[in-house]
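Please look at the sequence and the structure together, and keep both in view while you read. The paragraphs that follow move from single residues to the elements around them.

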Amino acid sequence: MTLIIGPLPDPIDGCSIANFTLCKNLDKRNIKYQTINTNTKVVSSKQGNTFSLKKAISFFKVYLEVYKIFSSSIIYTTPGQTFFGILKYSPFYILCKLLRKPYIIHVHGNHLGTEYKLLTGLKKKIFYYLVSSASAGIVLSKSLKSNFTGLLPATKVYVVENFAIDELYDTYNSSLKVRDKPVILFLSNLIAEKGILDVLDALIILKNANIKFKAYLAGKMESE
């Protein structure tokens with residue numbers, strides 16, 4: 001029995017859709033699994049370096065399902081990439097360690113390695129312990145394997161490339177509109193870890209080069 005711990009729709013975001021698609025494909029293959037949905041009304045798969053008591057309390061009810069680890073042979077997780085993103089999964093990881101259950105960390109992004117380098121002291125030790133104890137790590141491309149450098153040996157890091165769900169292609173119109181200037185759409189949580197500052201810097205470079213463009217930014221901005 002596989003246990004999937006991570007966000008599931010709703011709300012819909014990249015990570016929750018990926019987990020939903022995984023569940024759907026396991027169903028097709030008649031592979032038994034169970035889930036612990038880490039999405040709550042207060043915090044979904046959002047990342048952030050600021051501790052929030054409100055988020056912690058909201059997430060507490062998720063821990064009530066920790067008993068599912070006992071009946072599972074392997075645990076698949078999709079945590080956040082910040083210290084608190086990893087820390088909130090620590091009860092699951094520690095129980096896995098105690099029960100000698102293998103767990104997998106699937107990173108949906110490119111911040112885990114940077115976060116580890118920036119951490120110091122006790123935080124860095126806790127982060128290292130929780131991530132390095134994983135049986136395997138998964139990233140979205142070969143270029144992102146370095147996120148686990150110093151945390152997991154390269155032989156334990158695997159690539160599962162990102163994708164677009166089939167439903168998006170069902171209504172796809174192949175006749176693209178010709179535009180006189182680039183139109184840029186950024187869809188993500190508007191936080192530094194998701195690359196919004198890099199996008200804004202890139203737009204400044206385009207503007208300074210007198211390249212005309214339109215840019216739309218769509219995503220939730222956390223208060224911090």
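Ile 17 touches Ile 12 and Ile 165, when residues up to four places away in sequence are left out of the count. Ile 17 belongs to helix α1, and it counts as buried because its relative accessibility is 17%, where the cut-off for burial is under 20%. Although Ile 17 and Pro 7 are 10 residues apart along the chain, their C-alpha atoms are separated by 8.5 Å. The protein chain averages a pLDDT of 89, and 89% of the residues score at least 70. Over residues 43–47, however, the pLDDT is below 50, even though this stretch has 23 contacts in the model beyond near neighbours in sequence. Where pLDDT is low, the predicted coordinates should not be read in detail.

At the start of α1, a side-chain oxygen of Asp 13 comes within 3.2 Å of the backbone nitrogen of Cys 15, while after the helix comes Asn 30, whose phi is positive, near 55°.

The loop between β1 and α1 contains Asp 10 and also Pro 11. Here a cis peptide bond joins Pro 9 and Asp 10, with omega about 0°, and the peptide bond from Asp 10 to Pro 11 is likewise cis, with omega near 0°. Another loop, between β2 and α2 (53–60), holds Asn 39. This residue counts as buried because its relative accessibility is 10%, and its side chain reaches the backbone oxygen of Leu 8 at 2.7 Å.

From the loops we can turn to the strands. In a regular strand the side chains alternate between the two faces of the sheet. Strand β4 (residues 103–106) is covered on both faces, with Tyr 103 and Ile 105 buried on one side and Ile 104 and His 106 buried on the other. Which strands does β4 pair with? Three bridges join β3 to β4, and these two strands run parallel; here Tyr 76 has Ile 104 of β4 as its bridge partner. Three bridges also join β4 to β5 (residues 136–139), again in parallel, and here Ile 105 has Gly 137 of β5 as its bridge partner.

In soluble globular proteins, nonpolar side chains tend to be buried together. The largest nonpolar core of this model has 31 residues, of which Ile 105, Leu 112, Phe 127, Val 131 and Phe 148 touch the most other members. The elements that give two or more residues to this core are β1, α3 (83–87), α4 (90–99), β4, α5 (112–118) and α6 (121–132), and the largest share, four residues, comes from α4. Apart from this core lies another, of eight residues, among them Ile 4, Tyr 76, Ile 104 and Ala 136. Phe 127, for its part, touches a list of residues that includes Phe 83, Ile 86, Leu 112, Tyr 116 and Leu 151, not counting residues up to four places away in sequence.

Gly 113 lies in helix α5, and it is buried because its relative accessible area is 11%. The C-alpha atoms of Gly 113 and Thr 82 are separated by 9.5 Å, although these residues are 31 residues apart along the chain.

Arg 100, in the loop between α4 and β4, has a positive phi near 60° although it is a residue other than glycine, and it counts as exposed because its relative accessibility is 79%, where the cut-off for exposure is over 50%. Asn 210 is found in the loop between α8 (196–208) and β8 (214–218); it too has a positive phi, of about 60°, without being a glycine, and it is exposed because its relative accessible area is 70%.

Notes: Residues are numbered from 1 along each chain as its sequence is written. This is a predicted model: local features need pLDDT of at least 70, side-chain atom pairs count only at pLDDT 80 or more; totals for chains, interfaces and linings use all residues. Side-chain values use heavy atoms; hydrogens and water are left out. pLDDT is the predictor's confidence in each residue, from 0 to 100. Contact means heavy atoms within 4.5 Å. A polar contact is a pair of N or O atoms within 3.5 Å; within protein, one must be able to donate a hydrogen and the other to accept it, and residues adjacent in sequence count only if both atoms are side-chain atoms. Buried means under 20% relative accessible area, exposed over 50%, partly exposed in between (1.4 Å probe, protein chains only). Two strands pair if DSSP finds at least two bridges between them. A nonpolar core is a set of buried Ala, Val, Leu, Ile, Met, Phe, Trp, Tyr and Cys residues joined through side-chain atoms within 4.5 Å.
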